[in-house]
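The sequence and the coordinates are shown first.

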Amino acid sequence: MNTGPNTGASPPLAKAWALLTVSVLTRTLREGLVLRALIWPALIIALTLLVSATFVAGLYASKSAAVPDEAFAEVLVAKGLDARVYADPEAAFVAGEVDRAAFEGPEGWVILARFDGAYTMAMESELRARLGAAWRPMLIPRAGRNAALGPTTRLLVGLLAVLFVLYGVVFGAGGLSRDQQDGSLDAERALPVPSWIHAASRMGAAGLALSVAFAASVWLIHTILGVSAPWAWSVVGGLSGLGGAAMGLGLMARAGRAESLSGPLSRGLVAVTGLMALGYSAPALGRHLPIASVGALVRGDLPGVGAVFTTLLVCGLAAWMFDRSAR
Amino acid sequence: MIRPSRVFAIARRDLKVVLAGKGSWRLGLTALALLLPAGAMPLPEFKTPLEIAQAAGEIPPALADRIERNPRFGLRMEGEDPVLVHTSRVPPPLREVLDTLPGEPKVRFELRATEFPVPQRGLLLALLSLSLLTGPLTESLAGERSRKTLLSLLTASISRGELALGKWLAWAGVSSVMTLAVALSGRVTGAMPLGLWCLGLPLASGMAAALGLWLGRDAEDEVDGAARTLRALPVIALGLFGAAYGLNMLSPGLGAVVPLGGALLLAGGLITGVVPVLGAVLGTGLGVGALTWSVARALDAEGDPRPTPALSELSHLGVGAAVWWLPVAGPAAWALAGNPDLGQSLSPAAGVAVGGALFGLYALVEALRRHWSLAELLNLPAEGVRSLYFPRAALVGVALSLSAAATAALPFPGNGWLYAIRLRLSAGLDPGWAGWIPAALAVAGQELMFRGLLQRAVGPARAGLFFVLVCAPLDPLRGAAAAAALALLAQRGGVPLALLARLAWAAAPESLSIASPGGAWLALLVAVGAAALGAERPLGFLGRR
Amino acid sequence: MLRATNLVKSFHDPAGGVVHAVAGLSLAVEPGVIYGLLGPNGAGKTTTLRILATLTRPDAGEVEIGGVDALRHPVEARARMAYVPAEGGLPARLSALEAVTLFGEVQGVPKAKERALQLLHELGAGAYVERECAQLSTGMKRRVVLARALMHDPGLLLLDEPTDGLDVQGRLDVLQLIQSLAAERRAVVLSSHIMGEVERVCQRACIIHRGLKIAEGSLDELRSLGGAEALDDAFVALLNAEPAP
């Protein structure tokens, strides 16, 4: 039924934003390159971890040990080592027959090991217990393991977050540049909604895709390595991805059609690198800023509520620049 | 045919096109911002946590003034006699302090580990130059393609080799000049003495430029090119560096021949001597040649329609395997690596939950990409689901739950790391042990992925095969029977019907399981038979759709 | 100047089928002749032009440009011809003079800057030589693209829809330019689906449909083959006479 000409009424802003966001998101995900970009980093990290574990297995899985007496050998066997009695444990070690040796030298007991790790530590711990030493090492209990691995996992997930923030800049600037070139931006801007809604939908779509992909990556790595504060990482990574997309979009909008992608892209990459460096060197401040909060969390500082507001501020600024570029 | 004058003309044109206007000073400023701090600024002296005697927990009063208290440090002390040091490794400075405790017997700990040489700052310069090239290289090939200027170049009376080489020369040259200038400034400030390592910078720049062009050889536009380069260049660079480093550990100098890896070793000061340096020049030079040749070949087919990748179906299998195996079975690898405690401390239930969630996420994203409605993703039949199928689905689920003993039909080692992996991967068919929420997430994700997305996209037979390979690779016979029953159910009522069977299967108590393998196989037959009963084409699921 | 014999080119479509873009096409164009390549969308015009421009390698057939086997010696063949794509492809941030000069230098043209200036003036773009390409009008861009194509003085010009996007005056100017280029004894192959401009400038033409040449000859011969007075009507009649696939 023909209802007559359009009366010119605009759709509600929230509905327009949601529809445009889904449209941009679908368009973005339909590009295989974007999907690959979002999926592969976590898979590569997880696979690298497991390949490294297998590689390390070659180095560390040896349980061989040479000791001078049967009683000590029995204690170590109970701890899972392949301990045997040698008349000269040092010679067996030097000859490469074993990877650990314990013996009493002229100046006291000596432990030789080709690598440290759980079995070497168990050997030292048992020897010190046997000698009644004032201290002994103990393999860290499970409850404390996350804290022990904390700096390593924080660095690893931090590197992943850096990549997602860089993606944010590329998606924000690149998506706009592409739409400027093929003319679809002009068609979008002709819709009866305020211009800034287009910026908001682009940031929404990029933020949503990056947040979900980053959170999935963090939880995948968490299952393999145990990431400390995976929820905090999910929030910080999502906010920073959104911040990166906003920066990319704002810089590209400011550059306009006169400049190709590489200029705003380079400026965006330098800016996010600087922000992350700021967060790392001044975590007390960085935890309240978008992108910088990644650097702060690598140092162990959980994000502050301020990070949400400052990210929204950056988004608002990017939308303003976008709106201004349309005039 | 390679004419140097044409190659230089192309390089000059490329630089002009990309750096026209403010492009040149922008690139210069970016280079300064990235490279100068890395190359010229004196680095502050700082010690890694393992170089300082620090600890958390109860530090003995006798040592309080010599051990720094750091509540965040992953080493915790406890008790007084003896002092227990909970850690995965005792740092040497702390060991020195601890050995001074009163009454401590003399125990000398000597680690005769393989020495891992540390690269110099030149490596950082070389790696940063890679990120510097991302923008210009993207513009040089993908950008020219999207702005249609590449087409006119391709009809000029130059060969594809000259074109590829000219573009390579432009950016390898710019990056080399920049990194060498920064190295020189490092010499002026005293941060880096000049040496043979400097040769690694232009070599790395050259290979990075060739890699960047190669990665963008069929990129549609700058966004495509930048995303590819950002994603792949660091991974390739670090991978080749790792390979070169490893080879160098096996035999000093051997790593030099790895393309790019050798150049990075040289820049990092990890190889010296004329022969290894020549090896680096040769290896990286060959790498540049091969990649540039490949770019020239790609330019030859510029604009021709590309064949659809034949591996698209296999990519579902690859991603499916990765998102399930990594979180579910991955932690078992730590036992293999001599750290069983780490593997055991990671919750298998979390792995099952994350694996299931990732299946679901992948299926949802794929459905969004294909513009599928929810009904299409759930594979719902157009005519609706007949109510009598629901009790039948529950019956199939219960029958499947009785079949655990059928696993024993295939011989399998009763211990060892493969057995540990098999135990974890059993969550593919029987996730009940992981708890209610992980099990529900796992079966929901699996059904969305295999009976929803894949059954609709590649047909029930292949979807079933993928299910067996991904979710039951070490229990394939039982997996195949379950896949057939679930595929038949999904043909009648889509994902909801299969999901109902899975939930009944997961919820049925373990005590119901039939102990004898024969009985278990009978249960499997009942499950498949019940699912197939009344179907117009009981073997229809073997068809493509 | 141009001789193409039995060109064949097939592509695989995404569904796994085979598309015969060009199926045994032959054509010859002498110096001084403007030859029209006509056909509906998807007929194979662009693929044919791309084969002639050495951008796409045919599955079978031969192409000879100025006596050079273009499939065996593409670089030498390119030195004798110029391809002007529908999208001009000018670097946005370079001036018109820079864009033309640099293209000449790439092709080894001596005194490229002087020649670029001369050509831009001859083609009526002399007042815009220092202006950035992005700021030129569509008609002026077309002139700059033609100047670029003429830098190495080619004997054959392959023009893919050269008046696309131009206004009436711009269209007339470009057609006039094409006629003047043919008057300099250059062979011109022009792909178009605007019959009016084909009638205005072409001496000979061929109609391609589904990769096959269904008619060729002078414009009068084509009109008579189609049994119509207007080339438009003859074109439609000839297409409709073809059996459905």
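In this predicted model, strand 7 (residues 156–160) of chain C runs parallel to strand 8 of chain C, and five bridges join the two. Strand 3 (residues 34–38) of chain C is also joined to strand 8 of chain C by five bridges, again in parallel.

**Strand 8 of chain C**

- Strand 8 covers residues 187–192 of chain C, and six of its six residues are buried.
- Ala187(C), Val189(C) and Ser191(C) point one way from the strand, while Val188(C), Leu190(C) and Ser192(C) point the other way; all are buried.
- Opposite Ala187(C) in strand 8 of chain C stands Leu156(C).
- Opposite Val188(C) in strand 8 of chain C stands Ile34(C).

**Val84(C)**

- Val84(C) belongs to strand 6 of chain C.
- Is Val84(C) buried or exposed? Val84(C) counts as buried because 24 other C-beta atoms lie within 10 Å, where 20 or more are required.
- Leu157(C) is 73 residues away from Val84(C) in sequence, yet their C-alpha atoms are 7.5 Å apart in space.
- With neighbours within four places in sequence left aside, the contacts of Val84(C) are Val145(C), Leu146(C), Ala149(C), Leu157(C), Leu158(C), Leu159(C), Asp160(C) and Pro162(C).

**Open sheet in chain C**

- Four strands of chain C form an open sheet with antiparallel pairing, in the order 2-1-4-5.
- Its edge strands are strand 2 (18–29) and strand 5 (68–69) of chain C, each of which pairs on one side only.
- Two bridges link strand 4 (residues 60–65) of chain C to strand 5 of chain C in the antiparallel sense.
- Glu64(C) has Asp69(C) of strand 5 of chain C opposite it.

**Strand 4 of chain B**

- Strand 4 (residues 83–87) of chain B is mostly covered, with four of its five residues buried.
- Which strand of chain A is joined to strand 4 of chain B? Strand 5 (residues 135–139) of chain A is, through five bridges and in parallel.
- Arg136(A) stands opposite Leu84(B) in this pairing.
- Within chain B, strand 3 (residues 76–78) pairs with strand 4 in the antiparallel sense over three bridges.
- Met77(B) has Val85(B) in strand 4 of chain B as its bridge partner.
- The hairpin of strand 3 and strand 4 of chain B has four residues between the strands, and Gly79(B) takes a positive phi near 75° there.

**Nonpolar cores**

- The largest nonpolar core has 312 residues, of which Ala485(B) and Val144(C) touch the most other members.
- Helix 20 (residues 476–507) of chain B gives the most to this core, namely 18 residues.
- Apart from this core lies another of 39 residues, including Ala92(A), Val110(A), Tyr119(A) and Leu127(A).
- Beyond neighbours within four places in sequence, Val144(C) contacts Leu90(C), Ala96(C), Ala99(C), Val100(C), Leu120(C), Ala125(C), Cys133(C) and Leu136(C).

**The side of chain C that touches chain B**

- Contacts between these chains involve 29 residues of chain C and 27 residues of chain B.
- On the side of chain C, the elements giving two or more residues are strand 1 (2–12), helix 2 (74–78), strand 6 (81–84) and helix 3 (96–106).
- Helix 3 of chain C gives the most to this side, with five residues.
- The residues of this side are 16 nonpolar, six polar and seven charged.

**Chain A and its helix 1**

- Chain A contains 13 helices and five strands.
- Of its 327 residues, 52% count as buried.
- Among the contacts in chain A with a separation of 6 or more, 64% are between residues 24 or more positions apart.
- Helix 1 (residues 13–30) of chain A has 18 residues and reaches 25 Å from first C-alpha to last, close to the 26 Å expected at 1.5 Å a residue.
- Leu20(A), Thr21(A), Val24(A), Leu25(A) and Thr28(A) are the buried residues of helix 1 of chain A.
- An α-helix has 3.6 residues a turn, so residues three or four places apart point the same way.

Notes: Residues are numbered from 1 along each chain as its sequence is written. Chains are lettered from A and ligands numbered from 1 in the order in which they are written. This is a predicted model: local features need pLDDT of at least 70, side-chain atom pairs count only at pLDDT 80 or more; totals for chains, interfaces and linings use all residues. The expected span of a helix is 1.5 Å times one less than its number of residues. A residue is buried if 20 or more other C-beta atoms lie within 10 Å of its own, exposed if 12 or fewer, and partly exposed in between; C-beta atoms are placed from the backbone. A nonpolar core is a set of buried Ala, Val, Leu, Ile, Met, Phe, Trp, Tyr and Cys residues joined through C-beta atoms within 7 Å. Two residues are in contact if their C-beta atoms, placed from the backbone, lie within 7 Å. Ala, Val, Leu, Ile, Met, Phe, Trp, Tyr, Cys and Pro count as nonpolar, Asp, Glu, Lys and Arg as charged, and the others, Gly among them, as polar. Two strands pair if DSSP finds at least two bridges between them.
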